Amino acid sequence: MSLIQGLAAHAAGAELLPFRYDPGELGLQEVEIGISHCGICHSDIHLISNDWGMSQYPFIPGHEIIGTVKAVGPSVRSLEVGQRVGLGWQSNSCGECEWCTRGMENLCPLMEATCVHRHGGYADRVRANARFVIPIPEALPSEQAAPLLCGGITVYNPLRIHGVNPSSRVGVAGIGGLGHLAIQFARVFGAEVTAFSSSAAKEEEARELGAHNFVNTRESKAMKEVAGSLDFIISAISADQDWGVYLQALRPTGTLCFVGVPPSPVTVHALPLINGIRSITGSPIGSPHRLREMIDVAARHGVKAQTERFPMAKANEAIERVKKNKVRYRAVLAN
Ligand SMILES: [Zn+2]
Ligand SMILES: [Zn+2]
């Protein structure tokens, strides 16, 4: 096998530079993907900056990958060379623990991430265990499908876990890469959707994506008006907020679910939790089974990421635009 050509950070926060590595022999269960598209997720930017203290350099980011199968290991029966596929945050798991055997591989203590301690998708090729490589239906264009592999599953899985259905009233807090997909999926599930944003300019876009209602979080009156009205709020906000106000927006037994990470610890008063049996939770990606389901739902119901495309060679420019929150709503690198 020839060397894989990618773009790597060589130090925390550094610009990405061309970098080649030898992937070695293809493993029995492994698949090699020739990458056509790779989305830029905020996790990539955190990993480049070593915000989570787990990055090792040089390191090629990227885990919202679409491409075609270039080679399969000798034991792979599920995929063929030439097939269009996707790969998200997770690239392997032990396959044997309680969580793997329950179909919750995303909770496996030995889970391997596509671009943590190994090289990811800002490259011409990438490898992963075949169980985590998902066929992509023809109806989904590659560019709009790439962000579903991490951003999409991150919001889809909690909506499914918490049983969102046509009777549900769902809040989506933060209208960006994750939020714009959450609005579309909640709408597909038949829920009444309320978008929360600190930017009044997002109202029109949120409604076009399918939101029925819009709350400007800078207006305390608007926040008070939704008190006690929602069953489920998914928060993709990565800034600190008065989370008590969001708890107040929940009906009894409602749930506030974090998929975005605010910088400070989340502090709330216990009384709204006690009195209304309200819950606070979070959710990480989803299993390969759920990933296939999400991709199928997206293809059949027309859920697509809104994307801005950049050539792979301009990854640094794209990252700068993502950092400045200028991209509507997901940057995708194309080879
Ligand atoms: Zn991600
Ligand atoms: Zn496991």
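Predicted model: local features only at pLDDT ≥ 70, side-chain atom pairs only at ≥ 80, totals over all residues.
## Starting out

Helices here are DSSP runs of H or I with at least four residues, strands are E runs of at least two, and both are numbered from the N terminus.

Residues are numbered from 1 along each chain as its sequence is written, and chains are lettered from A and ligands numbered from 1 in the order in which they are written.

## The chain as a whole

Taken along the principal axes, the box that the C-alpha atoms fill is roughly 60 × 40 × 35 Å. Of the 335 residues, 46% are buried. A residue is called buried if 20 or more other C-beta atoms lie within 10 Å of its own, exposed if 12 or fewer do, and partly exposed in between, with C-beta atoms placed from the backbone.

Contacts tell us how the chain folds back on itself. Two residues are in contact if their C-beta atoms, placed from the backbone, lie within 7 Å. Among contacts between residues at least 6 apart in sequence, 66% join residues at least 24 apart.

## Two domains

The domain assignment, whose bounds come from an automatic or database source, gives domain 1 as 4–150 + 286–334 and domain 2 as 152–282. Their C-alpha centres lie 27 Å apart.

Where do the two domains meet? Contacts link 18 residues of domain 1 with 13 residues of domain 2. On the domain 1 side, helix 10 gives the most, with six residues. The residues on that side divide into eleven nonpolar, five polar and two charged. For these classes, Ala, Val, Leu, Ile, Met, Phe, Trp, Tyr, Cys and Pro count as nonpolar, Asp, Glu, Lys and Arg as charged, and the others, Gly among them, as polar.

## Helix 4 meets helix 10

The axes of helix 4 (residues 151–161) and helix 10 (residues 288–301) come within 10 Å and cross at roughly 100°. Axes are lines fitted to C-alpha atoms, for helices over the stretch in contact, and angles run from 0 to 180 degrees between N-to-C directions. Helix 4 and helix 10 are therefore roughly perpendicular, a label for angles of 65 to 115 degrees; under 35 is roughly parallel, over 145 roughly antiparallel and the rest oblique.

Helix 4 brings Gly 152, Ile 153, Tyr 156, Asn 157 and Arg 160 to this meeting, and helix 10 brings Arg 290, Leu 291, Met 294 and Ala 298. By class, this contact has five nonpolar, two polar and two charged residues.

## An enclosed helix

Helix 5 (residues 179–188) is largely enclosed by the rest of the structure, because eight of its ten residues are buried. These are Gly 179, His 180, Leu 181, Ala 182, Ile 183, Gln 184, Phe 185 and Ala 186. Their cover includes helix 4, strand 10 (169–173), strand 11 (192–197), helix 6 (202–209) and strand 13 (230–235). Just after helix 5, Gly 190 takes a positive phi of about 90°.

## Backbone details in the loops

Which peptide bonds are cis? One joins Tyr 57 and Pro 58, with omega about -5°, and Pro 58 is found in the loop between helix 1 (42–48) and strand 4 (65–72). Another runs from Arg 328 to Tyr 329, with omega near -15°. Tyr 329 lies in the loop between helix 11 (315–323) and strand 17 (330–334).

That loop between helix 11 and strand 17 also holds Asn 325, which has a positive phi of about 60° although it is not a glycine. Asn 325 is exposed, with 11 other C-beta atoms within 10 Å. His 117 has a positive phi near 65° and sits in the loop between strand 7 (112–113) and strand 8 (125–129). With 10 C-beta neighbours inside 10 Å, His 117 counts as exposed.

Ile 45 lies in helix 1 and is partly exposed, with 15 C-beta neighbours inside 10 Å. Ile 45 and Lys 323 are 278 residues apart in sequence, and their C-alpha atoms are 8.0 Å apart in space. Leaving out residues up to four places away in sequence, Ile 45 touches Ile 319, Val 322 and Lys 323.
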